[in-house]
Amino acid sequence: LLAPFLLICLLYFTIGYRLRQTLGKRLMGIAVAGKPSGERPGWWQAFLRAVYLLPSWLAFYALLLALLPLGVALAMGNDQVRTVATFGVFLVVTALPSLANLYWVRSSLDRRGWHDRLAGTSVVDLTAKAAEQETAAGETPAPPAST
């Protein structure tokens, strides 16, 4: 059951990274870029990025799964609490690589995670890039819409 899920994830993210954007990246206005060119990453780069990010994905989902048994343990309040809480703590500990990678991205100057460094990619902000191109072309960027 896990193998088809992992295969679908690898295909989704490999194709998404090769096209520069997954659905989430499109919504955020960011895209994956191959280094040093800054253009679309090659198939191999996109595949490597997806593979290198896999431990973080699994750890992130383990963290989400950890919240469920911890909540159940608090609600149960009997002898099974220790078993369920121990399982929840185990899942939180397995999520530490994902949290460490998120910290790495936030604290590094170039905002690249371990998976980006290993695959030779980066993530670029398309909205900032579009504003730079408009400014370089002599156009003034449009002011943000007010509500």
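1. Let's start with aspartate 110: its relative accessibility is 38%, so this residue counts as partly exposed (buried means under 20% relative accessible area, exposed over 50%, partly exposed in between, with a 1.4 Å probe and protein chains only). Salt bridges that share partners join Asp110, Arg112 and Arg117 into one network. Here a salt bridge is a side-chain nitrogen of Lys or Arg within 4 Å of a carboxyl oxygen of Asp or Glu.

2. A word on the model before going on. This is a predicted model, in which local features need pLDDT of at least 70 and side-chain atom pairs count only at pLDDT 80 or more, while totals for chains, interfaces and linings use all residues. Residues are numbered from 1 along each chain as its sequence is written, and side-chain values use heavy atoms, with hydrogens and water left out.

3. Now look at the two bridges of aspartate 110. Its side chain meets that of arginine 117 at 2.8 Å, N to O, and that of arginine 112 at 3.8 Å, N to O. Arginine 112 is buried, at 11% relative accessibility, whereas arginine 117 is partly exposed at 35%.

4. The whole structure has three salt bridges. One of them joins the side chains of arginine 49 and aspartate 116, at 2.6 Å from N to O. Arginine 49 belongs to helix 3 and aspartate 116 to helix 6 (residues 114-119), so this pair ties together parts that are 67 residues apart in sequence. Helices are DSSP runs (H or I, at least four residues), numbered from the N terminus. Both arginine 49 and aspartate 116 are buried.

5. Rings of Phe, Tyr and Trp (its six-membered ring) pair if their centres lie within 6.5 Å; planes under 30 degrees apart count as stacked, over 60 as edge-to-face and the rest as tilted. Both phenylalanine 13 and tyrosine 17 are buried, and ring pairs link Tyr12, Phe13 and Tyr17 into a cluster.

6. Finally, visit tyrosine 52 in helix 3 (residues 43-76). Leaving aside neighbours within four places in sequence, tyrosine 52 is in contact (heavy atoms within 4.5 Å) with His115, Leu118 and Ala119.

Notes
Helices (H or I, at least four residues) and strands (E, at least two) are DSSP runs, numbered from the N terminus.
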